Amino acid sequence: MRNPYDVLGVPKGASEADIKKAYRKLAKDFHPDRNKNDVKAKDRFAEANSAYEILGDSEKRKQFDRGEIDADGRPRASGFEGFSGGFGGGRSSGFDFENMARGRQGGMGGGMGGGMGEDIFSHIFGEAFRAGGAGPGGARQAAKGDDVAAELSVSLEQVASEEKLRLALPTGREVDVVIPRGVEDGQTIRLRGLGQSAGPRGEPGDALLTIRVRPHPRFTVDGADLKTSVEVPLEDAVLGGTIRVPTLTGAVEMKMPPMTSSGRTFRLRGKGLPKKDGTRGDLLATTAITLPESEDPALIEFARSRRAKAA
């Protein structure tokens, strides 16, 4: 994995908005649905998604900038820099790991053969050494299976409730997916290990899941905020009163001051969508004043009187 800043084409000091903008452009240009026969586009899409997983998360970005994790989000290995010893010929520079891994034909300091180097290396790093890299003779084995692309269509109500949904992957496998906080329409999340198999000794690929948020008949989305229009009877607009405002989790009551004009927007805090930090956006309710459905003689006479005074 390349440096995520280089992948997204942004400087290290880029703002969150610039990072999101760069990611969205790459995801749109290289999405598998638009490049079905382009293998390179698929790789670029996966690379951009991996980069955004690091830089789009403030904590992971700080960890990467401090050198605590690598470009794949894995903790960086440490603890060997000062490890020294006297294996063979009085060397003072520490272990010769390359010589250790040569296996049966070589040795360490000329005195350890018969594959001892590989056994020690496997003991230190675990079975991942055997499966992912060198073996006798330096032969490499398949490291990782192919990634697969999938889409999940969700409603705003499901996003708001962080609902768990059942998803069928292209591999034929069914999994339960919890909608993550802060997810946006068109965002792709990586489900590690749910792609194509690489065989018994390889690492499976990942599933790249693109979230599609369905349009809502009442609400529009602005980041984590929601916008809606609420009808207000004329008498409540003039005299003030309590009106009911719809939200994704049920209607709530809101007090409206007297002489409220049509088009005025009220903010209902915490009634929007979940954010990554666990807080919620707001609901912005804009008033739309309504007149009585049937003719009202008193109202008509009042309007005529007002017009005459203004003339």
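**Pockets and packing in a predicted model**

Helix 9 gives the largest share of the lining of the second largest pocket, with four residues. The model is predicted.

**Second largest pocket**

- The second largest pocket holds about 380 Å³ of space.
- Its lining counts 14 residues. Nearest the centre of this pocket lie Leu-234, Glu-235, Val-238, Leu-299 and Phe-302.
- Helix 9 (234-239) and helix 10 (297-310) each supply at least two residues of this lining.
- By residue class, the lining of the second largest pocket has nine nonpolar, two polar and three charged residues.

**Largest pocket**

- The volume of the largest pocket is about 740 Å³.
- The lining of the largest pocket is made of 31 residues. Lys-20, Tyr-52, Gly-182, Glu-184 and Lys-276 are the ones nearest the centre.
- Helix 2 (16-30) contributes most to the lining of the largest pocket. Its share is five residues.
- Helix 3, helix 4, helix 8 (156-161) and strand 6 (220-222) also supply at least two residues each to the lining of the largest pocket.
- The lining of the largest pocket splits into 13 nonpolar, five polar and 13 charged residues.

**Helix 3 against helix 4**

- Helix 3 spans residues 39-55, and helix 4 spans residues 58-65. Both also supply residues to the lining of the largest pocket.
- From helix 3, the contact uses Glu-53, Ile-54 and Leu-55. From helix 4, Lys-60, Arg-61 and Phe-64 take part.
- The residues of this contact are three nonpolar, three charged and no polar.

**Aromatic pairs**

- Two aromatic pairs are present in the structure.
- One of them joins Tyr-5 and Phe-64. The pair is tilted, with 45° between the planes and 6.2 Å from centre to centre.
- This pair links distant parts of the chain, with Tyr-5 and Phe-64 lying 59 residues apart. Tyr-5 belongs to helix 1 (residues 4-8), and Phe-64 belongs to helix 4.

Technical notes:
Residues are numbered from 1 along each chain as its sequence is written. This is a predicted model: local features need pLDDT of at least 70, side-chain atom pairs count only at pLDDT 80 or more; totals for chains, interfaces and linings use all residues. Side-chain values use heavy atoms; hydrogens and water are left out. Axes are lines fitted to C-alpha atoms, for helices over the stretch in contact, and angles run from 0 to 180 degrees between N-to-C directions. Contact means heavy atoms within 4.5 Å. Ala, Val, Leu, Ile, Met, Phe, Trp, Tyr, Cys and Pro count as nonpolar, Asp, Glu, Lys and Arg as charged, and the others, Gly among them, as polar. On a 1 Å grid over the protein atoms alone, a cavity is a set of points where a 1.4 Å probe fits but cannot get out, and a pocket is an open set with protein on both sides within 12 Å along at least five of seven lines; lining residues have an atom within 4 Å of a point. Grid points are joined across faces, edges and corners, and a volume is the space filled by probe spheres set on the points. Rings of Phe, Tyr and Trp (its six-membered ring) pair if their centres lie within 6.5 Å; planes under 30 degrees apart count as stacked, over 60 as edge-to-face and the rest as tilted.
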